[in-house]
Amino acid sequence: MADVDVFISNYTLVDPEIYQLWIEGFSSSEAVCYLKQKGFGHSMGAPIDLIASDVLDHYRTYSLIELYLHAPTKLMEQSCFQLEPHTRDLIIEKYYSIDDVVAREILGKKLTSRYRKDLDEVGDKTCVKLKSCRRQFDNVKRIFRAVEEMPGTLTNNIMQHFFISNDLAKKYACIVFLACLRFETSKKKLQYLTFSDLLTCSHSIMIYWTYTYQHTGPEYYDTEMDKEFLLDLRELRCLLDKEKEIKHLVCLRLKPVLLERAFHELDGNFRSYWRALITIACNLHRNRELRDLFVDLCERLVEPWRQNGWNREQVNKFLSSITQSVLDLEISRDQETRCLWDRYMQVITICLDKMYHI
């Protein structure tokens, strides 16, 4: 008669370490080898066959639970697997975990079955197992389809429908937002930007430039840009005529805190930087210009600053100074202009801070 291993239990047991290996895409045999190398079961003298049998049983259980994880509400309602609340929260959070390096590769790509077939390239580039890459891609696609047209804020919608933490929901909200608005993030000159950089940038845009700015309620979407605001930004073109006054105020603020060489460079190139900021603002009402926001910031400001030897501290001082100088102008005492400029520069300052890597 053949030997049969039987495991009987009431509550479904989830071993966090084995579950993590399953999440990371390890096969059962790879997981056994990994656990053996770590000395798993050594203290109890457990033979390798018993460890292998235990791992395989865990893997079968996780594969069955996975069907419910595709729609976590079903996991809450089902009765096949009795799970402690903290265990249920753990497996959902881990299942929807996403590696920043994989998320960065997915950004800017169409969520199609054709791209899914090419995920082996993502795995090779990121050193993440193919099975894990596919899980993460499928989760992104699943969440995108569920919330892209849902009223309200993305982060809250994702948390409520997929029962994941706020921090993890923010990551998915970033991916969904950039995909919905089709922001350009794939160009070679932007590849240095990490997912964390783009997460911060996109989150600032969602806060300050969408219809949820200073509005609450289910009728407001943070996947929909505030078109009136973007059109109103064209009014900032009048500030081009105030270049000399702005430059004077900026130089007064920065001369005491910049080295002589840096100050002379700023003095000589101020017009280029100033016009770049205003031109970008005035064109954001066009869909193409909005999608190319990160490209324009890189080409018109980040790259010139790098070429001229600016450091991150100089960038932040310049942005802070130029923001305040405009607000101090006589013309900017007009409340509408002040609000437009301040709201615009909230995002630009955050984006340039994250985009300026030395």
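This is a short tour of the predicted model, stop by stop.

Two ground rules come before the selections. Residues are numbered from 1 along each chain as its sequence is written. Because the model is predicted, local features need pLDDT of at least 70 and side-chain atom pairs count only at pLDDT 80 or more, while totals for chains, interfaces and linings use all residues, and side-chain values use heavy atoms, with hydrogens and water left out.

**Whole chain**

Show the protein chain as a cartoon. Its secondary structure comes to 19 helices and 0 strands (DSSP runs: H or I of at least four residues for helices, E of at least two for strands, numbered from the N terminus). The radius of gyration is 26 Å, well over the 21 Å that the globule rule gives for 358 residues, so the chain is more spread out than a compact globule. That radius is taken over C-alpha atoms, and the rule is 2.2 Å times the number of residues to the power 0.38. Along the principal axes, the C-alpha trace spans about 95 × 45 × 35 Å. Of the 358 residues, 45% count as buried (under 20% relative accessible area; exposed is over 50%, partly exposed in between, with a 1.4 Å probe and protein chains only).

**Salt bridges**

The structure holds 16 salt bridges, each a side-chain nitrogen of Lys or Arg within 4 Å of a carboxyl oxygen of Asp or Glu.

- Select D138 and R116. Their closest N and O atoms are 2.8 Å apart. D138 lies in helix α9 (residues 130-147) and R116 in helix α7 (residues 113-117), so the pair ties together parts 22 residues apart in sequence. D138 is partly exposed at 22% relative accessibility, and R116 is partly exposed at 28%.
- Select E299 and K189. Their side chains meet in a salt bridge at 2.7 Å, N to O. This pair links distant parts of the chain, 110 residues apart: E299 is in helix α17 (residues 293-307), K189 in the loop between α11 (166-180) and α12 (195-208). E299 is partly exposed at 36%; K189 is partly exposed at 30%.
- Select K247 and D267. The N to O distance in this salt bridge is 3.3 Å. K247 sits in helix α14 (residues 243-254) and D267 in helix α15 (residues 260-283), so the bridge ties together parts 20 residues apart in sequence. K247 is partly exposed at 24%, as is D267 at 33%.
- Select E243, R271 and R275. Salt bridges link these residues in a network.

**Negative patch**

Switch to a surface view. Select E228, D232, E235, D334 and E336, which form a negative surface patch. Patch members have over 30% relative accessible area and no salt bridge, and like charges are joined within 9 Å. Asp and Glu count as negative, with the charge placed at CG of Asp or CD of Glu. Accessible areas come from the Shrake-Rupley method with a 1.4 Å probe. Now pick out D232. It lies in helix α13 (residues 227-232) and is partly exposed, at 32%.

**Two backbone stops**

Which residue in the loop between α10 (154-162) and α11 deserves a click? F163 is there. Its phi is positive, about 55°, although F163 is not a glycine. F163 is partly exposed, with a relative accessible area of 32%.

Finish at R182, in the loop between α11 and α12. Phi of R182 is near 55°, a positive value in a residue other than glycine. R182 counts as exposed, at 57% relative accessibility.

Terms used: Patches are made of residues with over 30% relative accessible area and no salt bridge: like charges are joined within 9 Å, nonpolar side chains (Val, Leu, Ile, Met, Phe, Trp, Tyr) within 5 Å.
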